[in-house]
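Dear colleague,

Please find below the structure that I am handing over to you. My notes on what was found in it follow directly after.

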Amino acid sequence: MRFHEEYRFFCTEKGLPLRGPLLELDDPPAIILRGNCSERFTDRLTDAEGAVIARSLMTCKTTACQQIDLSYNAVGDLTAEKLAEYIRICSSILHVALAFNEISAKGCRQLADAMIINSSLLTLDLEGNHVGEEGGVALATMLEANNQLKSLNLGSCGIKTGTLIGIAHALQLQPSLLTLNLDKPLLPGNQEGLSVATHMSEMLRRNTTLTELKLRRWRMNDEQLEQLSAGLAANSTLTSLDLSCNCFSSLSGAHLARVLRACPQLTSLDVGSNRLNDDGIIMIVEALGSSPCSMRRLDLRKTGVSARAVAAIAAFLPKCPTLQSLKLWGDEWVREPAAVRTLHSAKPSVDALSEVDFEFYFPRGEDTPQVVQR
């Protein structure tokens, strides 16, 4: 039977509403029903509906489906259970996105078990679900056996120390993962954070595939970053690093400078919302300007930038022709005439960028530039 026939039958059997877009699908290459769109913003998929979609894929025995995206809905463990059954037997599925739903550790365990068997899935996005420590550990165990997954998103999933250490151990030898999001874990104190940073550092020292790493909102401090930076400096594959929304002070500027000097392959760095202040930012941009620069995206928003750091940034810009995106908004420099004039002196370099979050203007009758947020 065709997918839409199976879907109609199961919805009728369960007394569930029919979703129009699914009634047009015979052998679907993708099922995309995200809840963060205008037509479903107040009418999101329930867990029962998600389970029916997965069951319909199973029973129609489609071999064409490569992508399932049910993000931003209200699906939970029943949907995860039925999707896990489908993932176990499907050799075509490549991408599964279930971000910001209601999946708990139970559903996560079932997905992890299925992925040990599956040999096709490349990306799994569980951001914003209630995965917790038990579900996170199951996914860490999966990584030890899975040799084809390219992208894993566990941001804001309530994972804790055991999960992070387990993932760090698995990725020392895991041969395929390219992108990893571990935003906002639940780390109870400095000692736990330092322990995790040590394990992550060792993973980065040994891993030879990871290209993108997001460690936002870790409450990471200077000491923990110092530990992590040893592994970062030894890594030769990472090109994108997001350390925004942590607890760095100006002392961390030296640790980040060390990483930048050792990792010329790094093309994207986000350290926004850290109180690095002028001293820390100056160390970062001087490190970038001291060797051939390949940086393309640099985010320094809300880092305590004022006139001294702006002068260093203005001097750095002509030295980095690869830079495409610069974000600086959210600090005192925008209200400091001297800082604005200094950055305006580098306007040719600023204009060459494809993305900035500020723009210059001259108030009527004045010859002193000012800035507004773009």
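Phenylalanine 10 counts as buried because its relative accessibility is 5%; buried means under 20% relative accessible area, exposed over 50%, and partly exposed in between, with a 1.4 Å probe and protein chains only. Phenylalanine 358 and phenylalanine 360 form an edge-to-face aromatic pair, 5.8 Å centre to centre with 80° between the planes. Here, rings of Phe, Tyr and Trp (its six-membered ring) pair if their centres lie within 6.5 Å, and planes under 30 degrees apart count as stacked, over 60 as edge-to-face and the rest as tilted.

Please note that this is a predicted model, in which local features need pLDDT of at least 70 and side-chain atom pairs count only at pLDDT 80 or more, while totals for chains, interfaces and linings use all residues. Residues are numbered from 1 along each chain as its sequence is written, and side-chain values use heavy atoms, with hydrogens and water left out.

To continue with the aromatic residues, phenylalanine 358 counts as buried because its relative accessibility is 1%, and phenylalanine 360 counts as buried at 15%. Together with Trp333, Phe358 and Phe360 form one aromatic cluster. The structure holds 5 aromatic pairs. One of them joins phenylalanine 9 and phenylalanine 10, edge-to-face, at 5.4 Å centre to centre and 65° between the planes. Phenylalanine 9 counts as partly exposed, because its relative accessibility is 47%.

Helices (H or I, at least four residues) and strands (E, at least two) are DSSP runs, numbered from the N terminus. Helix H2 covers residues 47-60, and its 14 residues should span 20 Å at 1.5 Å a residue, which agrees with its end C-alpha atoms being 20 Å apart; the expected span is 1.5 Å times one less than the number of residues. Among the buried residues of H2 are Val52, Ile53 and Leu57. Their cover includes helix H1 (3-14), strand S1 (30-32), strand S2 (67-69) and helix H3 (77-89). After H2 comes lysine 61, with a positive phi near 55°.

Finally, H3 packs with helix H4 (residues 105-117) at an angle of about 5°, their axes 8 Å apart. The two helices are therefore roughly parallel to each other, a term for angles under 35 degrees, whereas over 145 counts as roughly antiparallel, 65 to 115 as roughly perpendicular and the rest as oblique. Residues in the contact (heavy atoms within 4.5 Å) include Leu83 and Ile87 of H3 and Leu111 and Ile117 of H4.

Yours sincerely

Terms used. Axes are lines fitted to C-alpha atoms, for helices over the stretch in contact, and angles run from 0 to 180 degrees between N-to-C directions.
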